[in-house]
Amino acid sequence: MQRPTLGAIWAQSTDGIIGDGVGMPWHLPEDLQHFKQITSGHPVIMGRRTWESLPIKPLPGRKNIVISSREAGSWSQGASVVADIPDLSADAWIIGGAQVYAATLDEVDVIERTLIDVHPDVPVSNAVYAPRIDDDFTLVEETGWLESSTSLRYKFQRFERA
Ligand SMILES: NC(=O)c1ccc[n+]([C@@H]2O[C@H](COP(=O)([O-])OP(=O)(O)OC[C@H]3O[C@@H](n4cnc5c(N)ncnc54)[C@H](OP(=O)(O)O)[C@@H]3O)[C@@H](O)[C@H]2O)c1
């Protein structure tokens with residue numbers, strides 16, 4: 001039987017920023033579509049701050065698992081709250097943020113990264129950064145630079161554990 005795949009997915013600026021602590025400092029509808037396509041039908045695992053950043057929650061068509069030291073409550077309606085990193089041996093996508101990527105990347109088989117040619121104007125104290133992808137991963141697929149309806153340039157990349 002094929003081993004379940006654990007993936008991580010994120011979008012980052014070319015200088016490594018994934019967020020400003022509240023949300024993502026760009027508007028890239030093509031990336032939201034890509035995210036939906038990749039993660040639909042699979043459980044998604046996220047930190048509490050990423051959950052709070054979602055404009056629509058829970059993410060439909062996916063089991064939403066939120067890691068938090070807080071008790072589940074009205075704030076977490078529609079999600080399953082877990083007090084620590086859950087069992088990662090099942091098929092799932094890690095969807096952020098930085099704290100959760102850092103804690104799980106060693107277990108991940110696949111990374112779907114969107115690279116955005118933008119330099120967001122985020123105060124250093126608020127900037128949240130993508131994890132470093134080390135030599136354990138190989139770039140296996142990459143689009144060329146694409147142009148968004150919002151005029152941003154972006155590309156999709158897929159890395160797999162070597
Ligand atoms: N560009 C992208 O693709 C992307 C994707 C996701 C997120 N983001 C951005 O990233 C930012 C949020 O990331 P973040 O790193 O600040 O926060 P985060 O990882 O989303 O959430 C951190 C919280 O998760 C809980 N947590 C994490 N690890 C835990 C553990 N081992 N045990 C118990 N609880 C744990 C804690 O919640 P409690 O404090 O409740 O205990 C912690 O405060 C936002 O700006 C968001 O927009 C960007």
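A residue is called buried here when its relative accessible area is under 20%, exposed when that value is over 50%, and partly exposed in between (1.4 Å probe, protein chains only). Strands and helices are DSSP runs, numbered from the N terminus; a strand (E) needs at least two residues and a helix (H or I) at least four. The model is a predicted one, so to speak of local features takes a pLDDT of at least 70 and side-chain atom pairs count only at pLDDT 80 or more, while totals for chains, interfaces and linings use all residues. Residues are numbered from 1 along each chain as its sequence is written, and side-chain values use heavy atoms, with hydrogens and water left out.

Strand β4 (residues 64-67) turns out to be covered on both faces. Asn64 and Val66 are buried on one side, and Ile65 and Ile67 are buried on the other. β4 runs parallel to β3, and four bridges join the two; strands count as paired if DSSP finds at least two bridges between them. Within this pair, Ile45 sits opposite Ile65 of β4.

Next comes helix α1 (residues 29-39), where Asp31, His34, Phe35, Ile38 and Thr39 are buried. Looking down the axis of α1, these buried residues fall within an arc of 110 degrees, so they line one face of the helix; the arc is taken from the directions from the helix axis to the C-beta atoms. Their cover includes β1 (6-13), β3 (44-47), β6 (92-94), β7 (110-116) and β11 (153-161). Thr39, part of α1, counts as buried because its relative accessibility is 0%. Setting aside neighbours within four places in sequence, Thr39 is in contact (heavy atoms within 4.5 Å) with Ile9, Val44, Arg62, Trp93 and Ile95. After α1 comes Gly41, with a positive phi near 85 degrees.

An N or O atom in the side chain of Ser69 is 2.5 Å from a ligand oxygen. For Gly21, a backbone N or O atom lies 2.9 Å from an oxygen atom of the ligand, and for Arg49 a polar side-chain atom lies 3.2 Å from one. Taken alone, the ligand exposes 930 Å², and the protein buries 86% of that (Shrake-Rupley method, 1.4 Å probe).

Asp121, finally, belongs to the loop between β7 and β8 (128-129), and is exposed, with a relative accessible area of 79%.

Methods:
Polar contact = N/O pair within 3.5 Å; in protein donor to acceptor, adjacent residues only side chain to side chain.
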